[in-house]
Amino acid sequence: MPEKTDFAERYASGKTPWDSGTPSEELLSVLKDGKLTGGTVLDFGCGTGTNAIELARRGFRVTAVDIVDQAIQIARDRARAAAVQVDFRVADTLRDNPGGPYDILFDRGVYHCLRTEDLKAFYEFLTRATRTGSWWLSLAGNSKEDTEPGPPVVSEQDIRAELGPLFDILDLREFRFTTNQDGFCPLGWSILMRRKKDDSCPL
């Protein structure tokens with residue numbers, strides 16, 4: 001996974017293909033189907049805030065965190081322009097406490113990075129940030145397609161092994177990421193989950 005300084009440099013240089021500027025179609029689809037119930041949302045790895053702002057527009061109380069200060073500053077400006085309230089914070093998901101537990105978690109490309117950096121610490125974050133019945137929609141790179149450069153990838157087998165102990169995996173399907181580069185649409189996994197009753201950490 002790139003270090004914090006790497007992400008900061010990429011934002012500074014504008015080399016952020018993941019920053020499409022439009023809400024994720026996967027998130028919009030799940031919202032349209034009424035599958036995410038509750039009032040509070042944590043968008044971790046929120047980038048410049050596109051999805052967090054969309055969630056706030058729909059009436060959710062949104063906390064959104066990212067490791068890069070520049071991304072959060074842009075996100076705050078965008079939220080003000082959109083006249084919505086989002087609690088944007090500069091934070092490291094593995095080391096800082098984002099509060100909670102939340103009714104809903106959303107990430108677009110964070111699980112597939114942090115799973116290889118420190119899966120145990122990531123699992124501890126998930127345990128703190130959710131409660132029984134909490135939802136989580138995660139969008140991750142798909143190992144069925146070799147894209148270089150592209151997002152980190154994960155297999156269906158690893159998703160079920162890593163996340164299944166804490167979450168019921170309700171929907172696992174393929175989609176393609178939208179980026180700000182023409183013709184670059186990496187294959188991904190859309191993973192809709194709900195927190196189980198057992199809150200033990202198996203790792």
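This is a predicted model: local features need pLDDT of at least 70, side-chain atom pairs count only at pLDDT 80 or more; totals for chains, interfaces and linings use all residues.
View 1. When neighbours within four places in sequence are left aside, Arg115 is in contact with Val153, Val154, Asp158 and Glu162.

**View 2. Cys113 and Cys185**. Cys113 has a relative accessible area of 8% and is therefore buried, the limit being under 20%. Cys185, at a relative accessible area of 38%, is partly exposed. The structure holds zero disulfides.

**View 3. Helix H2 and the elements against which its buried residues pack**. In helix H2, formed by residues 25-32, the buried residues are Glu26, Leu27, Leu28, Val30 and Leu31. At the start of H2, the backbone nitrogen of Glu26 lies within 3.2 Å of a side-chain oxygen of Ser24, while just after the helix Gly34 takes a positive phi of about 70 degrees. Glu26, one of the buried residues of H2, is also linked with Asp171 and Arg173 in a network of salt bridges.

**View 4. The salt bridge of Arg80 and Asp77 in helix H4**. The side chains of these two residues meet in a salt bridge with an N to O distance of 2.3 Å. Both lie in helix H4 (residues 69-82), where they are three residues apart, about one turn of the helix. Arg80 counts as exposed at 58% relative accessibility, whereas Asp77 counts as partly exposed at 46%.

**View 5. The salt bridge of Glu124 and Lys120 in helix H5**. The closest N and O atoms of this salt bridge are 2.6 Å apart. Because Glu124 and Lys120 are four residues apart in helix H5, about one helical turn separates them. Glu124 is partly exposed, with a relative accessible area of 31%, and Lys120 is likewise partly exposed, with a value of 42%.

**View 6. The salt bridge of Arg89 and Asp87**. Arg89 forms a salt bridge with Asp87 in which the closest N and O atoms are 2.8 Å apart. Arg89 counts as partly exposed at 29% relative accessibility, and Asp87 is partly exposed with a relative accessible area of 34%. A search of the whole structure finds 15 salt bridges.

Key:
Residues are numbered from 1 along each chain as its sequence is written. Side-chain values use heavy atoms; hydrogens and water are left out. Contact means heavy atoms within 4.5 Å. A disulfide is a pair of cysteine sulfur atoms within 2.5 Å. Buried means under 20% relative accessible area, exposed over 50%, partly exposed in between (1.4 Å probe, protein chains only). Helices (H or I, at least four residues) and strands (E, at least two) are DSSP runs, numbered from the N terminus. A polar contact is a pair of N or O atoms within 3.5 Å; within protein, one must be able to donate a hydrogen and the other to accept it, and residues adjacent in sequence count only if both atoms are side-chain atoms. A salt bridge is a side-chain nitrogen of Lys or Arg within 4 Å of a carboxyl oxygen of Asp or Glu.
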